[in-house]
Amino acid sequence: MSKNNLSGQIPSELGNLVQLQALLDLSSNSLSGAIPSNLEKMRILQKLNLSHNDLIGSIPAVFSRLSSLETVDFSYNQLTGEIPSFPNTSVDAYIGNLGLCGHVPGITSCDHSSSNASSGHHKRIVIAVVVSVVGVVLLAAIAACLILICRRRPCEQKVLEANSNDAFESMIWEKEGKFTFFDIVNATDNFNEIFCIGKGGFGTVYRAELASGQVVAVKRFHVTETCDISDVSKKSFENEIKALTEVRHRNIVKLHGFCTSGDYMYLVYEYLERGSLAKALYGEEGKKKLDWDVRMRLIQGVAHALAYLHHDCNPPIVHRDITLNNILLESDFEPRLCDFGTAKLLGSASTNWTSVAGSYGYMAPEFAYTMRVTEKCDVYSFGVVALEVMMGKHPGDLLTSLPAISSSEEDDLLLKDILDQRLDPPTEQLAEEIVFIVRIALACTRVNPESRPSMRSVAQEISAHTQAYLSEAFRLITISKLTDYVK
């Protein structure tokens, strides 16, 4: 429930979710009022994040009874009072709250000085405070001057190598130098809302038609109310640059360049006029133009993009957020994978543990409790997307019912009944290909990640069309008969 526009008080009834274990995340909203002590009933909760809200009052002392908590985050609220005893917490979990105190390194202790302290000790405290205040004022003045200087300095056009130390502070464009940052500013009337074509968790996307006639998409990352760029946005910005600077693939969106200017960060991509696959599938185009042939080509293109990221990049790249919203379409419906803000570059095994990232309904089930990133996380998401394209709706109900289907013939479903009913049923060779796609998609969504095929084998199988001829009429094929794919 993070990064929404939720307001009002946190409902105390949330505490009744006593079986919630992995995470309760209400961060980056506009929640106000006190933290309900009823959350203390969630005795097996492992992670609690209430940061970046407008919460007031104290952190309930009863929270110290939550022995299962591994991490907490109460930062950037208006909380006051003593911090309860939590294991393994640092100052980062409480910064942005001026009234908190407690036994946490970097946080003021709640123990006040005795009124009978010696006058010498009192003087030393006064001197220390005065010196600190003067130092802070001087630093603030220096920082203000630097900010003014930076704001007045234009964002230079500069071509950098991907491994440059200044890569995240300057700008990289196409070597041809066809346009500059100021061309984009002029094309969007200084990022006027009328040029906005989308908003997401990390930023706003604008359409910019340059004087040359070239059209680009510009993502401007969000800043806080204090005009600071959040650590989350910085991480997303760096992830996209790292992932896309060296990537060259037909089915992955092209990054033209990036820039930091003033209080904002910008990424500039090629513009794809048809927008997202979600918009196409669930709009009028889903019925009129997304026929079975086009859908097969869409799935094949996404499979090749993921196979490239997993097997041809060094280090391998895991996207972590494969959804219909993050697949853009060219004019001929060729797919382009985009939005690498949560991508993970795989290194040694010890570095592949991470926090929750991705979209619910598409995340692999094992990721919620292992927090370990592997290529098989993307394989699962691909399977969900492939089924969604074939069915014309999210396959959540189908995936939930698979255990019952495999154990009971009465619960079995006909393939023809779960396919998108807006299209005529496929026939002949097209029917064979669709049967094969659904079989592979079901294999990709298996609960056990080790039993899922690799994206390389999926892409090769789809391209080679190695599926056998149908052993029976298409109208008689059931879902249970399509769960036997062997990688």
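Start by selecting cysteine 101: it is buried, with a relative accessible area of 16% (buried means under 20% relative accessible area, exposed over 50%, partly exposed in between, using a 1.4 Å probe and protein chains only). This is a predicted model, where local features need pLDDT of at least 70, side-chain atom pairs count only at pLDDT 80 or more, and totals for chains, interfaces and linings use all residues. Residues are numbered from 1 along each chain as its sequence is written, and side-chain values use heavy atoms, with hydrogens and water left out.

The link is right-handed, with 100° about the S-S bond, and the count comes to one disulfide.

Next, the rings. The whole structure has three aromatic pairs (ring centres of Phe, Tyr and Trp, its six-membered ring, within 6.5 Å; planes under 30 degrees apart are stacked, over 60 edge-to-face, the rest tilted). Pick phenylalanine 74 and tyrosine 94: this pair is stacked, 6.3 Å centre to centre with 10° between the planes. Both residues are buried.

Then jump to phenylalanine 191 and tyrosine 266, also stacked, at 4.9 Å centre to centre and 25° between the planes.

Last stop: select arginine 207, which lies over the face of tyrosine 271, 5.1 Å from the ring centre (the cut-offs are NZ of Lys or CZ of Arg within 6 Å of the ring centre and within 35 degrees of the ring normal). Arginine 295 has its charged end over the ring of tryptophan 292, 5.5 Å from its centre.

Key: Disulfide = S-S within 2.5 Å.
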